[in-house]
Amino acid sequence: VTALARRWWRGLCRGLALVSLASAAGVAADGATEVPTSDGRPTFSAEERARILAHGPWPPPAASDPGNRFANRPDTIALGQRLFFDQALSPDGRLSCASCHLPGHAFADGRARSQGRVTLERNAPSLWNSVHERWWGWDGAADSLWSQAIRPLLDPRELASHPAHLRRLLQEQPELRCRWQRSFGMPLPADDADLLVLVAKALGAFVGTLVSQPTPFDQFRDALARQDVQAAARYPADAQRGLQLFIGRGRCQLCHAGPRFSHGEFGDIGAGFFVRPGVVDPGRHGGILALRASAYNLLSPHADAPGDAAVKTRHVQLQHRNFGEFKVPTLRNVALSGPYLHDGRLATLAEVVRHYSELDLNRLHADGERLLEPLRLNPGEQQDLLAFLRSLSDPAALRWQPKALPACR
Amino acid sequence: MTRAAVRARRCACLAVAALATLAFLSAPQAMAAAVAGTPAQDARSDCGGMLDAKVRQVIRSTRHHLAYAPRQGPIVQGRPFSLDIVVCPQGSASMPIALRVQADMPAHGHGMNYQPTVRSMGDGRYRADGLMLHMAGRWRLQFELSADGRLERLVQVVDLP
């Protein structure tokens, strides 16, 4: 009977499961696109299912701050957390990293443009999942988390710190001195640049721990992957329709690709790049020039054996079209990290969706990508796309609490 | 000659010129459609036989065969890769004095964001580093060979899911 009957029975069960999954999650079992089901859930073709699966699994394999050999040391992460929230990092004690990257704002600040000592020119990006990026900053001027940390630390408009101040701080505070010793196993280096780099590597190690948890979208995606009918059916119909727009007519997934919902490169989306009349933000063009000029990039002696991670830095190409391009941001936690675009010019996610719906092609670079077209979404479609984008938020992200650090004296 | 006849002759001349230009432009290109990572089953060329057969691809023109294989397995969107390349001159053609590698997405009007470097390893073998196809869709991988005072462009389509 038995082996044959069992195989037949297993096959029948699998077939039935597939059919019921197809109806619950709106999946076309034969791979063809079908009309939406009566409960408003769309059907997904085999090609669409493959595109959905490409946005996971989440979290991806662990990543590490490139060129930072201390990145995974618990003592370095602890020092980094301690420094991240310490306003003493700025000489006048007014600002810390957390002034613009607040846990309650998904490690952004909720402002259009961040407020340092002056109002800055760009929006503070969320730090969630930043360890999985290829380039850091809206212009990608940094090729590692740690080298990114150096810029705001030294910028006179931001923390306005300097190595002599950091040295004093780390020498005078017994707790910091203790954590430094535990983290790096050495006294403060005599060289200012080396000191600055180690402070930045501690900050990079801490920021690298901020990896968000699976979202309602991930649960749907994983349910599709394992053909779990009940779990797939829990994903709301409007989010499913929005997802279908995202990977279909919207072609959003071309740039917002993969598990991070970003291909990690840069683009011009017709947002305009005037900081104020007569002053432009060169975006990626300036970012590449700054990267090449940086004494702290992955090709510098300060990078610890970056290996393949330095390939991008060695080969990145400066092109005219980079002018006014900005990084394609991850969409994970996007609903938690507004305002939007590099200068926060769009206050809400609904405005972002409208931007793409009514895109003005005349504002795009003449020599840029021929990729974007106005999506002309009707109000219902805009709501569906918003429902999908909101489903990319980790419900626990806003409840993040710093780890209690063991005493160090 | 009537006006109509003059016009007809002018049209014919234009058509011939257009066809000749088209032939000239397309002659140096060998187009071969392939999906990245598909094993090359090329019985007609043993060029690059030492490359990993699982990922080896061969592009042929009358003057050169060019075999390449990604060093890190199949080409994947967003992952930097290197290519091992072997050039095999055909007939009286010489070994190229220079080789350039590029890639672009014709439908989107952009190339790579990275500039690959090509090193000659001798005996027609090359290594290209620093390639990265950052977007899903159809790319053209282009190999530009300088040999015998001519430029030859060998092109292969790579479809990334």
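Trainee: How many residues of chain B are in contact with chain A?

Mentor: Before counting, some ground rules: this is a predicted model, where local features need pLDDT of at least 70 and side-chain atom pairs count only at pLDDT 80 or more, while totals for chains, interfaces and linings use all residues. Residues are numbered from 1 along each chain as its sequence is written, chains are lettered from A and ligands numbered from 1 in the order in which they are written, and side-chain values use heavy atoms, with hydrogens and water left out. Contact means heavy atoms within 4.5 Å. Here, 21 residues of chain B touch 19 residues of chain A in that sense.

Trainee: What is the area buried between chain B and chain A?

Mentor: Buried area is the accessible area (1.4 Å probe) that two parts lose on being put together, summed over both. For this pair the figure is about 1,600 Å², and carbon and sulfur atoms give 47% of it. On chain B's side, B:His108, B:Asn113 and B:Tyr114 supply 36% of the area that chain B buries against chain A, more than any other three residues.

Trainee: Where do A:Arg51 and A:Glu47 sit relative to each other?

Mentor: Helices (H or I, at least four residues) and strands (E, at least two) are DSSP runs, numbered from the N terminus. A:Arg51 and A:Glu47 are about one helical turn apart, because they lie four residues apart in helix α2 (residues 46-53) of chain A.

Trainee: Now the sheet: what is the strand order in chain B?

Mentor: Strands of a sheet pair through backbone hydrogen bonds, either parallel or antiparallel. Two strands pair if DSSP finds at least two bridges between them. In chain B, an open sheet of five strands runs β2-β3-β4-β8-β7, with antiparallel pairing. β2 (57-60) and β7 (117-122) of chain B are at the edges with a single partner strand each, so one side of each has no neighbour in the sheet.

Trainee: How many bridges link β4 and β8 of chain B?

Mentor: Five, with β4 (residues 81-89) and β8 of chain B pairing in the antiparallel sense. Look for B:Leu83, which stands opposite B:Ala128 in β8 of chain B.
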